[in-house]
Amino acid sequence: MHEEGKVESARTFVLSNGEVDFLWWFIQGSIMDPGVRARLYANWGLCSRHSLGFLVVEAAFRPHLIHGCTILYGELMRRALHVLDDRGIHGLVPGRVSRHLLHAPGPCHLCDLGYHERSEGNVPPDRLAQGRDMTNAVRFAADNRRGWLPYVCGRCAGTDSPVLCRLHLIEAMEHEGVQIAKSQHASILSISTHLSTFENSFRWDLRGTDTAEDRGALISAIGWCSGWTELIRSLLPLAGKICPP
Ligand SMILES: [Zn+2]
Ligand SMILES: [Zn+2]
């Protein structure tokens, strides 16, 4: 850890011992369990707190290889595109089916296992301190700010941006009609395309092909799938202003 790059962590976001314990094993490979993968896919990832926790822990232990998070959210954004593409909205799949598919059918995997901000665990002190340290996640968000800033949900952030996260898109489709999904297609496509480029850049032959827009798409995808609430509360203010000047 480089001391000169140390950033004050948000006091509101401290992962519990149990959460670090789980997420550490998660990034070691338990995320690859087929049942877990299927559940994460069906539920659009994790809740707002635990999706940030996943990013924080993976960035803390593997600052140059935030791979598990990228693969999961890359897959989910491809799913979003599939559910909401132009054909889905205007053609074969009725809008109410698309809206239904945007709902998570069950609780967040970690919440469901009983993990929360006071969960106890058996993480050794060094690992606990490293897993809680938000420095790398904040640096990742700050360095790639231009990749996520245009995609912050206006309703989560309380701005007049027309961009919506999944949760607010469901709400808007319920109140304003399914056609509103069409207005979100371009941003969802853009997040998915940039995130795919970032994901591919983990391949040796494509290393270095990713840009700040591509890396920032990981934050956008987490925000889109899980809502921006916890990101806005605990991470993004440390990475620069959330609203454009
Ligand atoms: Zn959760
Ligand atoms: Zn939102």
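Biologist: Where is V14 found?
Modeller: V14 is found in the segment before α1; helices are DSSP runs of H or I with at least four residues, strands are E runs with at least two, and the numbering starts from the N terminus. This is a predicted model, in which local features need pLDDT of at least 70 and side-chain atom pairs count only at pLDDT 80 or more, while totals for chains, interfaces and linings use all residues. Residues are numbered from 1 along each chain as its sequence is written, and chains are lettered from A and ligands numbered from 1 in the order in which they are written.

Biologist: Why does V14 count as partly exposed?
Modeller: V14 counts as partly exposed because 13 C-beta neighbours lie inside 10 Å. A residue is buried with 20 or more other C-beta atoms within 10 Å of its own, exposed with 12 or fewer, and partly exposed in between, the C-beta atoms being placed from the backbone. The C-alpha atoms of V14 and L238 are separated by 15 Å, although these residues are 224 places apart along the chain.

Biologist: And P125, buried or exposed?
Modeller: P125, in helix α8, is exposed, because it has 8 other C-beta atoms within 10 Å. Its C-alpha atom is separated by 51 Å from that of G177, which is 52 residues away along the chain.

Biologist: Staying with α8, at what angle do its axis and that of α1 cross?
Modeller: The axes of α1 (residues 17-28) and α8 (residues 125-132) cross at roughly 85° and come within 10 Å. Axes are lines fitted to C-alpha atoms, for helices over the stretch in contact, with angles from 0 to 180 degrees between N-to-C directions. The two helices are therefore roughly perpendicular; that class covers 65 to 115 degrees, whereas under 35 is roughly parallel, over 145 roughly antiparallel and the rest oblique.

Biologist: Which residues of α1 and α8 meet?
Modeller: From α1, N17, V20, L23 and W24 meet R127, L128, G131 and R132 of α8; a contact requires C-beta atoms, placed from the backbone, within 7 Å. The contact has 4 nonpolar, 2 polar and 2 charged residues. Here Ala, Val, Leu, Ile, Met, Phe, Trp, Tyr, Cys and Pro are nonpolar, Asp, Glu, Lys and Arg are charged, and the others, Gly among them, are polar.

Biologist: How do the axes of α4 and α13 cross?
Modeller: Helix α4 (residues 67-84) and helix α13 (residues 180-200) have axes that come within 9 Å and cross at roughly 150°. That angle is why α4 is roughly antiparallel to α13.

Biologist: How do the residues of that contact between α4 and α13 divide?
Modeller: The α4 side includes T70, M77 and L84, and the α13 side includes A181, I188 and E199. The contact divides into 12 nonpolar, 6 polar and 2 charged residues.

Biologist: Which residues does I188 touch?
Modeller: Not counting residues up to four places away in sequence, I188 touches M77, A80, L81, L84 and W224. I188 is buried, with 24 other C-beta atoms within 10 Å.

Biologist: What about I191: which residues is it in contact with?
Modeller: Leaving aside neighbours within four places in sequence, I191 is in contact with M77, Y151, A217, S220, A221 and W224. I191 also lies in α13 and counts as buried, with 30 C-beta neighbours inside 10 Å. Its C-alpha atom is 8.7 Å from that of G147, 44 residues away along the chain.

Biologist: Changing topic, which residues of α9 are buried?
Modeller: In α9 (residues 135-143), T135, N136, A137, V138, F140 and A141 are buried. They pack against α3 (48-61), α10 (145-148), α14 (212-226) and α15 (229-235).

Biologist: What is the phi of W44?
Modeller: W44 has a positive phi of about 60°, although it is not a glycine. W44 is found in the loop between α2 (34-42) and α3, and it counts as buried, with 24 C-beta neighbours inside 10 Å.

Technical notes
Two residues are in contact if their C-beta atoms, placed from the backbone, lie within 7 Å.
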